[in-house]
Amino acid sequence: ALFAYCVALATMTSPVWRKTVAPSRHLEAGKLQRLAILTTALVYVQLVLGAFVRHVSYEATVSAFQTAVVFHLFMAAVLALHIGVLSLRVVRTYRHEAVLARPVYLLLGMIVAQLSLGCAVWVTSYGWPSWFAGYAWASQHVVLAEGAMQANIATAHVALGSLILAVALMVTLRSCRL
């Protein structure tokens, strides 16, 4: 929340924000604003879920951990779909508004990278899924648990999640200028 607040301050005090003295009114601005706000809220919820999965208590039951992981994966799918819808809305209606189009393209690329990093975190932490483990080449690409590579991939996944929150919030605030 503090990071999001800092992003909001940086966005609203930027030269791009100040250039738009009298915001132009768009007919579809309300729909975009609601979509952007919901996307940002979903990103925040996903970060909270991810923190729970990453910092699960050693006293937690296996079923509690599995439930958290499944919910985190479900929310990742919902969020990816939501970012896709947001991107489509901006491309169809606001592609000439560079202050919206550029960060939405970035957001779309980041969610693809984030999903890839999430898969990599799972493989380096828990190995390949049982249905995939039968392939010989797959077993050669598992990093030992608690190794440096595992920590780097997990940290990249967390950091990219925070950047996704920052860009989603920036899109939300800029959409409110419409």
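Axes are lines fitted to C-alpha atoms, for helices over the stretch in contact, and angles run from 0 to 180 degrees between N-to-C directions. The model shown is predicted: local features need pLDDT of at least 70, side-chain atom pairs count only at pLDDT 80 or more, and totals for chains, interfaces and linings use all residues. Residues are numbered from 1 along each chain as its sequence is written, and side-chain values use heavy atoms, with hydrogens and water left out.

**View 1. Helix H1 against helix H7.** Helix H1 (residues 2-12) packs on H7 at an angle of about 45 degrees, and the two axes are 9 Å apart. H1 is therefore oblique to H7 (angles under 35 degrees count as roughly parallel, over 145 as roughly antiparallel, 65 to 115 as roughly perpendicular and the rest as oblique). The crossing of H1 past H7 is right-handed; a crossing is left-handed if the near helix is turned anticlockwise from the far one by less than a right angle, and right-handed if clockwise. The protein has 7 helices and 0 strands, in the order α-α-α-α-α-α-α along the sequence. Helices (H or I, at least four residues) and strands (E, at least two) are DSSP runs, numbered from the N terminus.

**View 2. Helix H3 against helix H4.** The angle between H3 and H4 is about 155 degrees, with their axes 9 Å apart. This makes H3 roughly antiparallel to H4. H3 passes H4 in a left-handed crossing. The contact of H3 with H4 comprises 24 nonpolar, 5 polar and 2 charged residues; Ala, Val, Leu, Ile, Met, Phe, Trp, Tyr, Cys and Pro count as nonpolar, Asp, Glu, Lys and Arg as charged, and the others, Gly among them, as polar.

**View 3. Ala76 in helix H4.** Ala76 is found in H4. With a relative accessible area of 15%, Ala76 is buried (buried means under 20% relative accessible area, exposed over 50%, partly exposed in between, with a 1.4 Å probe and protein chains only). Val43 lies 33 residues from Ala76 in sequence, and their C-alpha atoms are 8.8 Å apart. Of the 178 residues in the protein, 36% are buried.

View 4. H4 passes H5 in a left-handed crossing. Val91 belongs to H4 (residues 62-94) and counts as partly exposed because its relative accessibility is 28%. Between the C-alpha atoms of Val91 and Tyr105, 14 residues apart along the chain, the separation is 9.0 Å.

**View 5. The largest pocket.** The volume of the largest pocket is about 1,000 Å³. Its lining has 35 residues, of which Val53, His72, Gly118, Val121 and His157 are the closest to its centre. Two or more lining residues come from each of helix H3 (29-54), H4, helix H5 (98-126) and helix H7 (148-176). H5 gives the most, with 10 residues. By class, the lining of the largest pocket has 22 nonpolar, 11 polar and 2 charged residues. On a 1 Å grid over the protein atoms alone, a pocket is an open set of points where a 1.4 Å probe fits, with protein on both sides within 12 Å along at least five of seven lines; lining residues have an atom within 4 Å of a point. Grid points are joined across faces, edges and corners, and a volume is the space filled by probe spheres set on the points.
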